[in-house]
Protein chains: 2
Amino acid sequence: MEKQTVDSPLGLAIIGLLSIRPMSGYDLRKIFLTTGMKAFSASPGAIYPALRRLEKDGRIEGTVERKTTLRPRMVFTLSQKGRAAFVESLTRPVKREDVVRRMDNLLLRFSFMSELVGVDKIADFLRAFSTETEGYLRELEAEIREYAPGLSFSGRAALKQGIDSFRANARWARKTLAELKEHHPKKGGKK
Amino acid sequence: MEKQTVDSPLGLAIIGLLSIRPMSGYDLRKIFLTTGMKAFSASPGAIYPALRRLEKDGRIEGTVERKTTLRPRMVFTLSQKGRAAFVESLTRPVKREDVVRRMDNLLLRFSFMSELVGVDKIADFLRAFSTETEGYLRELEAEIREYAPGLSFSGRAALKQGIDSFRANARWARKTLAELKEHHPKKGGKK
DNA sequence: TGCAGCATGTAACCTGTTACATGATTAG
DNA sequence: CTAATCATGTAACAGGTTACATGCTGCA
């Protein structure tokens with residue numbers, strides 16, 4: 001079987017944006033610099049090598065605009081293979097470890113789902129997201145009950161911040177699932 | 001002047017833990033594996049090289065227990081220099097960019113503050129944290145107002161998640177600042 | 001003409017991941 | 001004795017950071 005390509009956060013973000021429309025490296029940079037995707041690196045030293053990796057892997061294709069000059073503008077398009085692999089990666093099961101160590105990756109996956117997978121898959125994602133988040137939340141709550149007395153003021157407060165933050169995520173997932181059901185009632189999704 | 005040492009997340013976590021008590025690499029691993037610090041790498045391939053870097057830099061000192069055997073146990077202690085540098089790094093100003101791209105680093109810094117800096121510095125930190133978080137929150141809110149119509153269901157929901165999450169952080173900071181004032185009333189801290 | 005912004009790239013470096021390897025100690 | 005756990009490490013690789021470099025384009 002094909003080797004399991006685990007995307008870097010930046011690679012995944014690029015693929016996701018290209019799934020919306022073809023773009024150049026510079027277009028991607030601007031998005032990372034100016035929108036809510038500021039968490040990703042906008043440095044050319046990260047973006048251009050990432051694009052070349054994805055191209056070598058056959059998941060995107062670059063075509064040169066403005067051929068005549070020495071400074072061409074390359075526009076990248078998601079290939080069929082790339083789109084298929086991306087859809088597959090979007091629907092991978094949500095594990096506890098993803099919630100604990102790769103929350104950013106989960107949210108990134110979610111943000112591109114509507115256009116590429118059915119409503120039922122989105123609902124599955126949100127349900128697993130809730131389950132795992134709430135599970136980890138219980139671990140953290142047990143931990144604070146057990147260790148709180150031994151911790152310093154700021155140590156304890158930092159732990160509470162973690163709990164608050166996972167709690168906000170769990171709430172978000174439940175609310176979003178409810179909205180999803182409201183806007184796409186009853187019968188299954190498009191895929 | 002000394003070169004500005006920017007710590008890797010793992011390096012900072014290790015220094016912080018060693019500021020509480022001396023430990024071996026294996027002790028650190030266990031903490032990263034079993035406590036709320038799961039977000040850090042517990043792999044030997046990350047921890048042992050990090051310890052060696054910090055030692056070479058003179059910020060920690062390793063002493064061998066159980067000298068006789070081929071598999072020694074090394075216990076690392078924070079040096080005076082290491083402690084001073086750590087305190088300095090804890091009190092560095094909180095910038096907008098820290099909130100946007102290095103939230104984890106900020107929370108890590110905060111978690112070790114009580115034992116090393118005065119109450120007034122902790123309060124400064126929380127105030128700057130609130131200010132910057134709320135500032136970024138307003139940026140995100142402007143963004144969702146402007147772009148929401150053009151976004152897909154999941155794209156919009158992902159943006160909302162970001163807003164929820166920063167909002168939770170802002171609330172946490174204000175609540176924590178209030179608790180701090182309650183428990184350490186009026187007159188300045190120890191440093 | 002000159003400058004700001006468009007657009008792409010490279011090189012050195014740092015750090016983390018994965019996988020592998022090794023020996024020591026202790027409980028059953 | 002032997003398995004689990006303690007304890008430390010290395011090598012190959014991947015990906016991001018910072019700093020630098022270069023050329024094109026439109027406009028004042």
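**Salt bridges and the interface of chains A and B**

A search of the whole structure, which is a predicted model, finds 27 salt bridges over all chains. One such pair crosses between chains: A:Lys38, in the loop between α2 (25–34) and α3 (44–56) of chain A, is joined to B:Glu139, in helix α7 (residues 119–147) of chain B. The side chains of A:Lys38 and B:Glu139 meet at 4.0 Å, N to O. B:Glu139 has a relative accessible area of 33% and is therefore partly exposed.

Other salt bridges lie within one chain. In chain A, the side chains of A:Asp124 and A:Arg127 form a salt bridge at 3.4 Å, N to O. Both residues belong to helix α7 of chain A, where they are three residues apart, about one turn of the helix. A:Asp124 is partly exposed, at 43% relative accessibility, and A:Arg127 is also partly exposed, at 39%.

In chain B, a salt bridge joins the side chains of B:Lys30 and B:Asp27 at 4.0 Å, N to O. Because B:Lys30 and B:Asp27 are three residues apart in helix α2 (residues 25–34) of chain B, about one helical turn separates them. B:Lys30 counts as partly exposed, with 41% relative accessibility, whereas B:Asp27, at 14%, counts as buried.

The crossing pair leads to the interface as a whole. Here 36 residues of chain A are in contact with 36 residues of chain B. The size of an interface is often expressed as the accessible area that is lost when the parts come together. Between chain A and chain B the buried area is about 3000 Å², and carbon and sulfur atoms give 57% of it. Three salt bridges are counted between the two chains, and 16 residue pairs across the interface are in polar contact.

On the side of chain A that touches chain B, α5 (96–101), α6 (103–111), α7 (119–147) and α8 (153–183) each supply at least two residues. The largest share, 16 residues, comes from α8(A). By type, the residues of this side of chain A comprise 15 nonpolar, twelve polar and nine charged.

The final point concerns the arrangement of the two copies.

Note on methods. Residues are numbered from 1 along each chain as its sequence is written. Chains are lettered from A and ligands numbered from 1 in the order in which they are written. This is a predicted model: local features need pLDDT of at least 70, side-chain atom pairs count only at pLDDT 80 or more; totals for chains, interfaces and linings use all residues. Side-chain values use heavy atoms; hydrogens and water are left out. Contact means heavy atoms within 4.5 Å. Buried area is the accessible area (1.4 Å probe) that two parts lose on being put together, summed over both. A polar contact is a pair of N or O atoms within 3.5 Å; within protein, one must be able to donate a hydrogen and the other to accept it, and residues adjacent in sequence count only if both atoms are side-chain atoms. Helices (H or I, at least four residues) and strands (E, at least two) are DSSP runs, numbered from the N terminus. Ala, Val, Leu, Ile, Met, Phe, Trp, Tyr, Cys and Pro count as nonpolar, Asp, Glu, Lys and Arg as charged, and the others, Gly among them, as polar. Buried means under 20% relative accessible area, exposed over 50%, partly exposed in between (1.4 Å probe, protein chains only).
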